[in-house]
Amino acid sequence: MKTNQLFILTIATILTVVCGWYFFSSSSAQSSISYNQHVQPVLAAKCYTCHGPDKEKMKAGLRLDIRESLLDTLESGNTALNPMDFSKSEIIKRIESSDPDFMMPPPDAPKQLDEEEVQVIKKWVEEGAKWENHWSYEPLKKQIPPEISEASWSQNPIDPFIFQAQEKLGLQHAPEANKRTLLRRLTYDLHGLPPTPEQMKAFLEDDSDDAYARMVDTLLASPRYGERWARHWLDVVHYGETHGYDKDKRRPNAWPYRDYVIDAFNKDLPYTRFIEDQIAGDVLHPDDPQSTVALGFLAAGPWDLVGHVEVRDGTVDKRIVRNLDRDDMVSSVMATFTGLTVQCARCHDHKFDPIKQADYYSLQAVFAGIDRADRSFDKNPEIHRTRLHLKQEKQELENQLDNLGEQMGEKAKKEIEEVQKQQKDVSNKISGLRYPGSKTFGYHSAIEPKADVEKWVQIDLGSIVDLEKIVLTPAHPTEGLTMPGYGFPLRFVLEVSPTSDFSSAKTIVDFSKENHNERTDRPYVVLIENIPARYIRLTANRLWKGRDQDHFLAMAEIQAFAKGKNGARNAKVEVLDSFIDKRWNPDFLTDGFNSHGLIGGEVLPKELQKDFNEAERELTGLRGKENLLRKSVLTRVEKTKLDRIRSFLLSIEDSLSQLPSPSHVYAAATEFRSQYQFTPPKGIRTIHRLNRGDTEQPLEEVFAGTVEVFEGMPDYFDLPEGHTEGNRRAALAKWTTDKRNVLTWRSIVNRIWKYHFGRGIVATPNDFGKMGTPPSHPELLDYLAGEFLDNGQSVKWLHRLIVTSATYKQQSLQDKKNYQIDSENRYLWRSNRRQLEAEAIRDGVLAVSGKLDLTMGGPGFDAFKYEDDHSPRYLYKDYDAYDPSSFRRAIYRFIVRSVPDPFMSTLDCADPSQSVPVRNETVTALQALSALNNPFMVRQAAFFADRLEKESTGLKSQISRAYELALQRKPDERELSELEEYANKHGLPAACRLIYAMNEFLYID
């Protein structure tokens, strides 16, 4: 077969052809064909594998995704398409041919064009082969709801668009659902909770015309609404409260961002402000502390602690980890707000969408000056503004001081450099005295091949003292590395005794039968009420696990305080066995030093204190000498200026010290506490385009910008020289919220629509590009986007419009004729019967049992037992299902990346390691088993039974009440009889478990 005969080979990608066939199925001869809606999806699904953007697979040098290629002359002398002469369009000849050597796709292709698809392409060429930009890049068109034949059905502007599409397909819409179904649907959609029997009764009895509309307003005004819809948003931004990767450490300050999202939805924050806050709130709205908290969005995803904290700067691994970190920020911003898959351009120009590789790295440059870390803010706006103002003044004065210092330094450069060298020498001497050669890591036992081996250490205080406190300081053997709790035993007993045989010992701590779960990145403190003792013994019976199955006991220091002094300093130590080298020794257990230096509360040995004091005085003198040198070359005016700056700085420092301690949020930050190799960025990092995405193959330097997909919107940011990194993020935020950026407005209305109907108008919410699915109702999408812009960008307005439509209120019953035409219900001829999400099931169970705690905000609860270690452990099997602290709404659940909650995962909860715009909806045996047997469900069923017994008398009344609480209706006679019989045999809690496992409870309709 000749090369140029390989013309329109079928695609191998798994992409359902969701286009507008239905719009012209029976009337295609009369309908106008749209390239975006009708033709491009066919080419993408059946042709792009061999005639698409992948150059390595391209046949005959022909691309069908570029108009210029379609118009090129082929070897046959024809063009792929010729709008001027239909007979010379090669594409038509090939798709109509039956010759195996000529036809396209060829006979052995996995997919063929069907007759309808052939007619679509022919008609498109006949009509002039009009080529449009991809539909999502086209400007919003003002849409007016069409006039329809069944105007009485329509209840708001959404319905005519839906009805028109249904009518063209021969679909018949479903009748309106009954009031009970509507209230359940509405309450679960807006609150994620079941309606109460009282709410249901009042609604059913309210016959006024506006009863439904008033109920919508009531639900939108409740704080439960923000909790429900924040969860949807957190799915998309892949929010989690641990870092992920190898050392999945906790993020104790992630939760303020979660609370910001809840509050933003409840306040109905305009969407422009919502976007600006999350990309550049600290720059665009600096006076509002919540706009700083919102930057938790940029830090919501996974973060490689090892790569950032432990890997040295300047290494390949460090460059890779930073590149990946910026990639996550870029991907999150663009996919979340615009539905663009820009990350596909990291290694090469995007194969399908008009996104250049240089555009992608320009977006990376936007985030080249920030990292993810705990960032300070003040909850009180007044204090927040005051601190911000003082810090800005301080920075300006420090800049002036630096400039003045440079001037002084130049005038006495040689003399100052010599004094600075002397200062460095003395500083090193002081370090050597303060931390004498870092001589100690502590005590280390012999190494064992298994954990359950006993090791002990014993300290002789020399005399009996009244002990007030014992402190076990964890080892941290390699300076700076994040290895807290190195060797700290999982199980141990701590005893004190007046005698060495421990015959009258007292046990102070006993973790001999269960693992302790205290954090081991800080000292383990045991307070004692003046117990007389001379000996202290620590016995470990489950050892810490190191690398290569090594198990051992290690400890940096043991202190024993009596009358405020450490009586264990330099005390005699006995051990069962020991691993000894220059930094590990039993004697180091009481030398006053941890892995870095002196422990708090300790003082230098007397023999070192004199030398230390002399060195401190020498360093002070040298610093004074440097200042005198600098001032000696100053003019009188410069001296006055220097004194004034220093005076102002002291005043500002004093004012800052008077402010209360700030709060912290894990967010995008430029200032934060250093951790070993993880230090604040020194300005904006330089970004290069990378050949094939390889950090070791840098090409030209790129500057901050974005993608060029809209006419009239430049892809570069016109920023002044010397601009800050915040100016770059602010420019991106303004580009994203520009009214001409139609992707932003189409994307958000599509997301909201998706959560109400189970599927978006665009079924791929994170991909509005050419490989995403085209909209099922493009005119409706543009109508909603335009109206959303014109109505204050109010998400609550959009909810109200959607849920008051006749489309939303339809029954979910199946219809055989409609199903044959539209089996996926793309055209909404009925309501989709949807399974509740994991959080809604869990919250609903708590609400029905009467145990739901509606406390809002603050740190989340742990549904697991936590053990801090070199790599933390999250033990769901040890979680106490009776713990009332975990009875809050699931939005407040502490979310772990590496070890997801098994119960929630079984119910298709989102994976926090990746953006989840659409959750899976599966039906599995495990779900049924979890609904019946999970400890949480079993405990809540018992609480449910307790509630029923308190609220009703007699088994029949209790079962009837159970139905009202869980299902918002009374049971019929058969249900009542069967469940009563079951409860008599197995107990009321068992009957409650059955109710929790019913489809009617687990599904919205």
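Me: What kinds of residues make up the lining of the largest cavity, by class?
Reply: This is a predicted model. In it, the lining of the largest cavity comprises seven nonpolar, four polar and seven charged residues.

Me: And which residues lie nearest the centre of that cavity?
Reply: Lys-754, Gln-835, Glu-837, Arg-919 and Glu-921 lie nearest the centre, out of 18 residues that line the largest cavity. Its volume is about 200 Å³.

Me: How many cavities of 30 Å³ or more does a search of the whole structure find?
Reply: The search finds eleven. The second largest cavity holds about 110 Å³ of space.

Me: What lines the second largest cavity?
Reply: Its lining has 13 residues, and those nearest the centre are Glu-227, Arg-228, Arg-231, Glu-839 and Ala-840. Helix 10 provides the largest share, five residues.

Me: How does that lining divide by class?
Reply: The second largest cavity is lined by two nonpolar, two polar and nine charged residues.

Me: Staying around helix 10, where is His-238 found?
Reply: His-238 is in the loop between helix 10 and helix 11 (255-267). Its phi is near 45°, which is a positive value in a residue other than glycine.

Me: Is His-238 buried or exposed?
Reply: His-238 is buried, since its relative accessible area is 5% and the cut-off for a buried residue is under 20%.

Me: What about the phi of Gln-968?
Reply: Gln-968 is not a glycine either, yet it has a positive phi of about 60°. The residue lies in the loop between helix 30 (955-967) and helix 31 (973-986). With a relative accessibility of 6%, Gln-968 counts as buried.

Me: Change of topic: which residues of helix 28 are buried?
Reply: In helix 28 (residues 925-933), the buried residues are Gln-927, Ser-930 and Ala-931. They lie on the same side of helix 28 because the arc they cover around the axis is only 100°.

Me: And what is exposed on the other side of helix 28?
Reply: Ala-925 and Leu-926 are exposed there.

Me: What covers the buried residues of helix 28?
Reply: The cover includes helix 27 (902-906), helix 29 (935-951) and helix 32 (988-996).

Me: Where is Val-899, in relation to helix 27?
Reply: Val-899 is in the loop between strand 17 (873-875) and helix 27. Val-899 is partly exposed, at a relative accessible area of 30%.

Me: Which residues does Val-899 touch?
Reply: Leaving aside residues up to four places away in sequence, Val-899 touches Asp-248, Tyr-874 and Tyr-876.

Me: How many Å separate the C-alpha atoms of Val-899 and Glu-117?
Reply: The separation is 47 Å, for two residues that are 782 residues apart along the chain.

Me: On to the strands. In which sense do strand 3 and strand 6 pair?
Reply: Strand 3 (residues 455-473) and strand 6 (residues 524-542) pair in the antiparallel sense, over 13 bridges. Leu-467 has Ile-531 of strand 6 as its bridge partner.

Me: How many bridges join strand 3 to strand 12, and how many to strand 10?
Reply: Strand 12 (residues 572-575) is joined to strand 3 by four bridges, and the two run antiparallel. Strand 10 (residues 557-562) is joined to strand 3 by five bridges, again antiparallel.

Me: Which residues stand opposite each other there?
Reply: Ile-459 stands opposite Val-573 in strand 12. For Leu-472, the bridge partner is Ile-558 in strand 10.

Me: Lastly, the protein as a whole: how many helices and strands are there?
Reply: The protein has 33 helices and 17 strands. Its C-alpha trace spans about 100 × 90 × 60 Å along the principal axes.

Me: What percentage of the residues is buried?
Reply: Of the 1005 residues in the protein, 56% are buried.

Me: And what share of the contacts joins residues at least 24 apart?
Reply: The share is 73%, among contacts between residues at least 6 apart in sequence.

Definitions and conventions
Residues numbered from 1 in each chain as written. Predicted model: local features only at pLDDT ≥ 70, side-chain atom pairs only at ≥ 80, totals over all residues. Heavy atoms only, no water. 1 Å grid on protein atoms, 1.4 Å probe; cavity = no way out; pocket = protein on both sides within 12 Å on 5 of 7 lines; lining within 4 Å. Points joined across faces, edges and corners; volume = space filled by probe spheres on them. Nonpolar A, V, L, I, M, F, W, Y, C, P; charged D, E, K, R; others polar. Buried < 20%, exposed > 50% of the residue type's maximum accessible area, 1.4 Å probe, protein only. Arc of directions from axis to C-beta. Contact = heavy atoms within 4.5 Å. Pairing = 2+ DSSP bridges.
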